[in-house]
Amino acid sequence: SNYIKKIGKIADENDYRVFVVGGFVRDLILGIEDKDIDIMVLGDGIKFAELVAKESGTKLDAVYKNFETALLKTADLKIEFASARKESYERNSRKPKVETATLEEDLSRRDFTINALALGLNKDNFGELTDSFNGYQDIEDKIIKTPLDPEKTFEDDPLRIMRAIRFASVLNFKIEEKTFQAIMKMNQRLKDEGVVSQERITNEFLQILMSDKPSIGLDLLFKSGVMDIIFPEISQLEGVDQRKDFHHKNVFYHT
């Protein structure tokens with residue numbers, strides 16, 4: 001869009017390197033229209049966001065200093081600016097320690113390869129794809145896998161376990177075997193209230209229910225053991241036979 005070009009122009013004029021990253025790039029490749037844009041800035045993301053707001057004759061809608069991110073809403077877009085960062089999480093906290101990083105380092109800490117893509121916005125690399133983890137191919141092959149070791153990825157943020165299943169359900173993608181094994185191994189981490197809030201889990205669950213074929217996600221939640229943790233009442237339907245008239249089936253799948 002013109003707004004994205006404008007952001008690139010402001011970056012060139014003020015010596016910033018900026019990229020569109022994550023879901024917007026993935027959706028662009030899939031041909032899905034997206035109103036949420038994530039801009040990654042090498043350097044001070046908040047300062048750059050302030051420049052863009054000023055040039056647009058508006059103010060930032062929110063600034064999150066801890067995460068070095070800022071939010072700007074236009075009539076039809078929601079743009080989040082963030083400094084490229086390395087994160088290390090404390091094991092029992094959602095608060096990351098944020099350090100500035102290179103483009104590659106920032107992409108490596110993302111949840112899945114399909115979201116670890118960046119498009120250049122500067123004049124010299126406009127529209128150029130940075131794809132260090134084969135995410136483009138994984139979009140083509142409809143595969144969900146983590147850029148780094150899946151256990152480390154889920155350890156850093158256990159909500160990604162839910163996100164993997166949500167993306168599989170919404171996009172009708174397959175979860176890669178090693179990633180799925182890690183989900184089964186790590187799913188207890190979703191119990192950790194200090195690390196993952198119930199509302200974030202609920203939000204992912206509702207997005208699974210709102211996907212075109214929620215049965216994909218519900219089946220994965222069940223087979224991975226995640227359902228036992230987040231919604232045991234549904235899990236316990238498994239194996240309960242329903243015998244009435246012509247019904248004779250597993251109540252979990254029937255429900």
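User: How do helix 1 and helix 3 sit relative to each other, and at what angle do they cross?

Analyst: In this predicted model, the axes of helix 1 (residues 2-13) and helix 3 (residues 45-55) come within 10 Å and cross at roughly 120°. Axes here are lines fitted to C-alpha atoms over the stretch in contact, with angles from 0 to 180 degrees between N-to-C directions. Residues are numbered from 1 along each chain as its sequence is written, and side-chain values use heavy atoms, leaving out hydrogens and water. Local features need pLDDT of at least 70 and side-chain atom pairs 80 or more, while totals for chains, interfaces and linings use all residues.

User: What makes the two helices count as touching?

Analyst: Contact means heavy atoms within 4.5 Å. On the helix 1 side you get Tyr3, Lys6, Ile7, Ile10 and Ala11, meeting Phe48, Leu51, Val52 and Glu55 in helix 3. The contact residues split into seven nonpolar, no polar and two charged. Tyr and Ala are on the nonpolar list (with Val, Leu, Ile, Met, Phe, Trp, Cys and Pro), Asp, Glu, Lys and Arg are charged, and the others, Gly among them, are polar.

User: How do you know which strands pair with strand 2?

Analyst: Two strands pair if DSSP finds at least two bridges between them. Strand 2 (residues 36-42) has five bridges to strand 1 (residues 17-21), running antiparallel, and six to strand 5 (residues 78-83), in the parallel sense. Val41 shows both links: its partners are Val18 and, in strand 5, Ser83. Ile37 stands opposite Ile79.

User: Why is strand 3 called an edge strand?

Analyst: Strand 3 (62-64) pairs on one side only, as does strand 9 (129-130), so both are edges. The open sheet has seven strands in the order 3-4-5-2-1-8-9, with mixed pairing. Strands are DSSP runs of E, at least two residues; helices are H or I, at least four.

User: Where does helix 2 lie?

Analyst: Helix 2 lies across strand 1, strand 2, strand 8 and strand 9, at about 55° to strand 1.

User: Which element gives the largest share of the lining of the second largest pocket?

Analyst: Helix 2, with three residues. The space is about 290 Å³, and among the 18 lining residues the closest to the centre are Ser1, Ile4, Phe24, Leu28 and Ile37. The lining divides into ten nonpolar, three polar and five charged.

Conventions: 1 Å grid on protein atoms, 1.4 Å probe; cavity = no way out; pocket = protein on both sides within 12 Å on 5 of 7 lines; lining within 4 Å. Points joined across faces, edges and corners; volume = space filled by probe spheres on them.
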